[in-house]
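Please look over the model shown here. A short report on some of its local features goes with it.

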Amino acid sequence: MKFRKICAMFLSAMLLVSSMGMASAATPETVQAKLAAVEKDTYGTEQTGSLLDRINKLEKDYEGSHRTGSMMARVDALYDEVYTNSSKPSVLAQLNAIEWNIDHEVSMNSVEKRVADMEMTINGQTNEGTYKKRIQALASASFGTVDLPMEQVTVPKNTLIKVALVDPVNTKNLKKGDAIRYKVAADVIVDGKLVFAKGEPGDGVVTKVKPARNFGRNAQLEIDYKQTKAIDGTYVPTFMGEEAKTEMKNLAMAAGASLAGIIILGPIGVIGGAFVNGKNIDLPEGTEFYIQAKNETTLYGVVTTAE
């Protein structure tokens, strides 16, 4: 009874928190910004040297040859191939599907490392050739075909996503505007298609923070869980709402444990010390909680019989 009373107080307090808008990741507009994005996802870091040399390297590594046209046109073609899902899934969407099929988890590593790691898992050695050819070979080995079983699916508004903190969170060393990293903690399947894969990253930001103070005043921390990456690379706007609140309450009740350290269930997403007076909020890496999709979103999912 005492636990339920505390839980009720815990949830009621969060109703006072107002929601806020959340923006998805914007597409870079300049040659430099698009090139840097592709390089970071491909090699792990932005490369150095002249723009032309960097473009040539990416084209050689993905295509095996160089394109013609202006720098902007060439970079646009690279960017679209790596990220854009149109008539078919992007390079990253395909890679995510293959990695999930092999490891049942998607990593945050670079294309370079992910391809090499999967080749070592399957073949015991890395292969030569362009990334596109190596990804096709991995698709064939993993799914039995280079045509991946990916189909478009509509993810309903308020779809629940279980996530976990990537880094520890402590109000002693946070400030407003700090990034909060988290990742998908369990696969999300909609209409027989995997839409959020375990391991996919999410981006949050601290919107308010107050460390613990004298006279038993608790630390306060508000986090906007802005967006979470789907299996096809789409950034889906996410937040903590009523569905996430209910799921967190059920999780706490089922565990039968103390509320200390549990994520508070506000519409923005507030982490609290669960009424422990004068204590800072200290949550370890791996702390799990729920968020939900802000809008209905259509994206590519992996056809699966998994549940």
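## Basis

This is a predicted model: local features need pLDDT of at least 70, side-chain atom pairs count only at pLDDT 80 or more, and totals for chains, interfaces and linings use all residues. Residues are numbered from 1 along each chain as its sequence is written, and side-chain values use heavy atoms, with hydrogens and water left out.

## Helix α4 and its partners

Helices (H or I, at least four residues) and strands (E, at least two) are DSSP runs, numbered from the N terminus. Axes are lines fitted to C-alpha atoms, for helices over the stretch in contact, and angles run from 0 to 180 degrees between N-to-C directions. Helix α3 (residues 51–62) packs with helix α4 (residues 71–83) at an angle of about 40°. Their axes are 11 Å apart. The crossing is left-handed; that is, the near helix is turned anticlockwise from the far one by less than a right angle, whereas clockwise is right-handed. On the α3 side, L51, L52, I55, N56, L58, E59 and Y62 make the contact (heavy atoms within 4.5 Å). On the α4 side, M71, R74, V75, L78 and V82 take part. The classes are 9 nonpolar, 1 polar and 2 charged residues. Here Ala, Val, Leu, Ile, Met, Phe, Trp, Tyr, Cys and Pro count as nonpolar, Asp, Glu, Lys and Arg as charged, and the others, Gly among them, as polar.

Helix α2 (residues 31–43) also packs with α4, at an angle of about 40° and with the axes 10 Å apart. This crossing is left-handed. From α2 come V31, K34, L35, A37, V38 and D41. From α4 come M71, M72, V75, D76, Y79, V82 and Y83. The contact of α2 with α4 has 10 nonpolar, no polar and 3 charged residues.

## Aromatic rings

The structure holds 5 aromatic pairs. Rings of Phe, Tyr and Trp (its six-membered ring) pair if their centres lie within 6.5 Å; planes under 30 degrees apart count as stacked, over 60 as edge-to-face and the rest as tilted. Y79 and Y83 have ring centres 4.5 Å apart and planes at 45°, so this pair is tilted. The two residues are 4 apart in α4, about one helical turn. Ring pairs also link Y182, Y225 and F289 into a cluster.

Y79 is buried, at 11% relative accessible area (buried is under 20%, exposed over 50%, partly exposed in between; 1.4 Å probe, protein chains only). The charged end of K34 sits over the Y79 ring, 5.3 Å from its centre. A charge sits over a ring if NZ of Lys or CZ of Arg is within 6 Å of the ring centre and within 35 degrees of the ring normal. The charged end of K294 sits over the ring of F239, 5.4 Å from the centre.

## Positive phi in two loops

Most residues other than glycine have a negative phi. H104 has a positive phi, near 55°. H104 is in the loop between α5 (91–103) and α6 (111–123). Its relative accessible area is 44%, so H104 is partly exposed.

D191 has a positive phi of about 50° and is not a glycine. The loop between β5 (188–190) and β6 (193–196) holds D191. D191 is exposed, at 63% relative accessibility.

## T298 in strand β14

T298 is in strand β14 (residues 297–303). T298 and P156 are 142 residues apart along the chain, with their C-alpha atoms separated by 8.7 Å. Neighbours within four places in sequence aside, T298 is in contact with Q152, V153 and T154.
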